[in-house]
Amino acid sequence: MFVRRIALRSFLTLALLAVLLPIVLASGSLFYRSAVVAMEEFALQLADEVSGRVREKVVSFFDVPQRVVAFNVEQVRAGYLMVQQPDVLMRQFMLQIDQQPQLTFISMGMPDGQYYAGSRPPLGDDRALRMLRARISDGRAMEVLRIDPENRQPTLISRSEVGFDARNRPWYQSAIANDGVSWYAPYRYMINDAQGAYAAIGMGISAPVRSRDGQLIGVVTADVALSQLNEFLAALALESGGRAFLAEASGELLAMSSHDPSAGVAALADGHRMRIDQSRDPVMRALGEHILQSGQAEGNQFMEVDGVRHLARWWTHALHRGPVLTMAIILPESRFNTPLRGVLRNTIYTTVAVMLASVLFSLFVASRVVRPLQVLSDWAVRLTQADWNAQAPKSSPIRELRSLADSMGYMAGHLKEHAEELEQMVAQRTQELESAVASIEQTLTDQRHFIAMLSHEVRSPLAVINTAGQVLALRSKEVPAQLALAQRILRGSARLSYFFDNCLTQDRIDSHNFAVEPVPVDVGELCLWVTENGGQLSVEHLLTLAVEPGLPALNGDPVLLRVMLMNVLSNAFKYSDAGTTVSLSVLREGTTCRFAVEDEGPGIPPEEQKLVFEKYRRGRTAEGKPGAGLGLALVKRIVDLHGGAVQLQARQPQGMRFVINIPLTVTPVA
């Protein structure tokens, strides 16, 4: 039966053309972008409206003190301000402040420190006008007199023994220092009234006034309480649902919509003015950091803080002869995205629905394509597992899949033939390797037996030779030639015995069932035994021993530790000139026991220091010296078995230092 097959590429192309996902995504994205642009334009328009109200209020707020101070300076020059009559002066100030509700103080400080002011208290429920005075005749006590709104008569309501001296106040000092009209920095009012109506922060503008002959009459000032700005910004924030603040261009905060105790009177009393980038409000802090880092005088910024998007608008205003102010408002996204939220929601729902339909259709198409591929993959897996009886998949309408199945069937036949050939070759090679391994194991066993037998057979003659050499040495003390011969016999027998000890130790370590069995070892006795027996290896060298007192017992294999130290001493004797000194020192270094052997030989070149610990490897300086290159390799193996480390250090002007660190509590290493 003829089955019409189509190409896989054509099948997938037809499936993708039936999916409208790209069109849906493109149209949805375009609509979404248009909605977002419209939302941002609406947000900017709203921000401009709110910022215009803030700008107008702030500019007028700080414009009043300038006009009042300029007016009073002209009044003094014209002789209309009764500076010599304090009671009249305060009433004149009262009339002015009654017409300027933004002002907190209109005052004058005299050259002798006396103070007279008209005031409107910034705090409390009673906002009736006040007159304030601090006179020398009253001991400079600050007196607050309330003006009754009905009869306009003053009544003393507070007297504070603060010792008020106008000359010490910031507004007075600023005017004198600048010798003209100038703004002064925010400061805490020092009224200390009983009602607490002046526990606030203020700033303003002051100017010195002089007589026609240039004599200082006093300093006149107009002051505004920043709490008024806080109230205005808080009301604006409540209405707009956002935040607002006023700060100097350098970042010091003047007013803010949210209440923050760390930015209030207590903070200023400590001499600290909070910066906007230090605000506890994370949104205002983020905007403050952006403004200070960017250095832009004005701008708009969409920003996200704690997962909420905001629109920030800021601008600057320079006070005449005063600081540059930075004003800012921050509106949350919920304030301006409500009209567009429904449109965006419908767009998202529609897009998601069409995308879901496209995904379901894609899954259906993919399953139709992948199913025969999965069957073909399962067949291939069974073939790789040498399951040659696995049945080939049924015929597929996709031409490429049918062609691939035929090719895999052809390859499976060849793989089966090659697998059978490989199995025969592997079996043959396995048998050859088993024979070779058995031969090697037998050789190693014979070698160990030979070494053990040779050591056993040689030790008895060596003991006889050693004893005879000692007797000969005792009898030949008066005959130098015979004494030298006896010492050569003793050294030779000691070296031969030492060589067999190394061979047996190496054979013991290399055995399959070897394991270190640590026991407590007295380090002092160990080193004493090594120096007494190691001294027989050379009578031409001076061997010294230094053991730190009070060393704890070393938990290790005493036989292996003796072989280790004997090998290092033998190496030092071998490469040191006759008459030089070889020293062995032992000390505690933390949780390790440090053995150090020093000689005065030619040393080991740096490039050969790692090679000397390899079995049967010897350096260039070993030419003409006896040895088989086994001793230091055995040292390294013993140190490793005890979990320690060995180092080589060059001495100056010549010589070598072997440092061996063995843990006091050894954890045996297999």
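Biologist: What kind of model is it, and what gets counted?

Modeller: This is a predicted model, so local features need pLDDT of at least 70 and side-chain atom pairs count only at pLDDT 80 or more, while totals for chains, interfaces and linings use all residues. Residues are numbered from 1 along each chain as its sequence is written, and side-chain values use heavy atoms, with hydrogens and water left out.

Biologist: How many helices and strands are there?

Modeller: The chain has 14 helices and 20 strands. Helices (H or I, at least four residues) and strands (E, at least two) are DSSP runs, numbered from the N terminus.

Biologist: And what share of the chain is buried?

Modeller: Of its 670 residues, 42% count as buried. Buried means under 20% relative accessible area, exposed is over 50% and partly exposed is in between, using a 1.4 Å probe and protein chains only. As for contacts (heavy atoms within 4.5 Å), residues 24 or more positions apart make up 60% of those with a separation of 6 or more.

Biologist: Let's pick a helix. What should α7 span?

Modeller: With 13 residues (282–294) at 1.5 Å a residue, α7 should span 18 Å, and its end C-alpha atoms are 18 Å apart, which agrees. The expected span is 1.5 Å times one less than the number of residues.

Biologist: Which residues of α7 are buried?

Modeller: V283, M284, L287, G288 and I291. They cover an arc of only 130 degrees around the axis, so they sit on the same side of α7. That arc is taken from the directions from the helix axis to the C-beta atoms.

Biologist: What do they pack against?

Modeller: Strands: β9 (243–248), β10 (253–256), β11 (299–305), β12 (308–318) and β13 (324–332).

Biologist: What's going on at the ends of α7?

Modeller: At the start, a side-chain oxygen of D281 comes within 3.0 Å of the backbone nitrogen of V283. Just after the helix, G295 has a positive phi of about 75 degrees.

Biologist: Switching to rings, how many aromatic pairs turn up?

Modeller: A search of the whole structure gives nine aromatic pairs. Rings of Phe, Tyr and Trp (its six-membered ring) pair if their centres lie within 6.5 Å; planes under 30 degrees apart count as stacked, over 60 as edge-to-face and the rest as tilted.

Biologist: What's the geometry of F105 and Y189?

Modeller: That pair is edge-to-face, with 5.0 Å centre to centre and 75 degrees between the planes. It links distant parts of the chain: F105 is in strand β1 (residues 105–109), while Y189 is in the loop between β6 (182–188) and β7 (201–210), 84 residues apart.

Biologist: Are those two buried or exposed?

Modeller: F105 is buried, with a relative accessible area of 2%, and Y189 is buried, with a value of 2%. Ring pairs also link F105, Y184, Y187, Y189 and Y198 into a cluster.

Biologist: Which charged ends sit over rings?

Modeller: The charged end of K57 is over the ring of F232, 5.5 Å from its centre. The charged end of R562 is over the ring of W529, 4.9 Å from its centre. The test is NZ of Lys or CZ of Arg within 6 Å of the ring centre and within 35 degrees of the ring normal.

Biologist: Back to helices. How covered is α14?

Modeller: Mostly: eight of the eleven residues of α14 (631–641) are buried. Among them are L632, V635 and I638. After α14 comes G643, with a positive phi near 70 degrees.

Biologist: Where's N72, and what is it in contact with?

Modeller: N72 is in helix α2 (residues 21–78), and it is buried, with a relative accessible area of 0%. Leaving aside neighbours within four places in sequence, N72 is in contact with L81, F93, Q96, I106 and V220.

Definitions and conventions
A polar contact is a pair of N or O atoms within 3.5 Å; within protein, one must be able to donate a hydrogen and the other to accept it, and residues adjacent in sequence count only if both atoms are side-chain atoms.
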